[in-house]
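Have the sequence and the coordinates open side by side.

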Amino acid sequence: LKLIEKLRVKERPALGAEELHLLAEIESRAFRGRTHLGDPDFHKNPTTFLLSEGYIQSLALTINPKKTVAMKPLESTQPQKESTETTHYSVMDSKGN
């Protein structure tokens, strides 16, 4: 939400190409940002960092309002450990809904 405010998305025409482009770019960065997060019962989430003006500004600088910016793949500094716990499940009916 802070990126939406910083990039003044509200000032763009509703559902226009500019607004939708900026929202897509913001969502792309938000999705990447979730790699910092985990179950707060077992992981110290860096919420202060993620909400800091410096971090938000660094994300804003990666967004070009006129074109999509290719993001570098995330590089893990540590090997990912597979959880032994259930991390998600899906509920579907017989038609796959």
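Which pattern does the protein chain follow, read along the sequence? The pattern is α-α-α-α.

## Model and fold

This is a predicted model, where local features need pLDDT of at least 70 and side-chain atom pairs count only at pLDDT 80 or more, while totals for chains, interfaces and linings use all residues. Residues are numbered from 1 along each chain as its sequence is written, and side-chain values use heavy atoms, leaving out hydrogens and water.

The protein chain has four helices and zero strands (DSSP runs, H or I of at least four residues for helices and E of at least two for strands, numbered from the N terminus). Of its 97 residues, 19% are buried (under 20% relative accessible area with a 1.4 Å probe, protein chains only; exposed is over 50% and partly exposed is in between).

## The nonpolar core

Eleven residues form the largest nonpolar core, among them Leu 3, Val 9, Leu 22, Ile 26 and Tyr 55. Such a core is a set of buried Ala, Val, Leu, Ile, Met, Phe, Trp, Tyr and Cys residues joined through side-chain atoms within 4.5 Å. Both α2 (17-33) and α4 (53-60) supply at least two residues of this core, and α4 gives the most, with four.

Beyond its neighbours within four places in sequence, Val 9 is in contact (heavy atoms within 4.5 Å) with Ile 4, Glu 19, Leu 22, Leu 23 and Ile 26.

## One aromatic pair

There is one aromatic pair, counted when ring centres of Phe, Tyr or Trp (its six-membered ring) lie within 6.5 Å; planes under 30 degrees apart are stacked, over 60 edge-to-face and the rest tilted. The rings of Phe 49 and Tyr 55 have centres 4.6 Å apart and planes at 45°, so this pair is tilted. Phe 49 is partly exposed at 42% relative accessibility, whereas Tyr 55 is buried at 14%.
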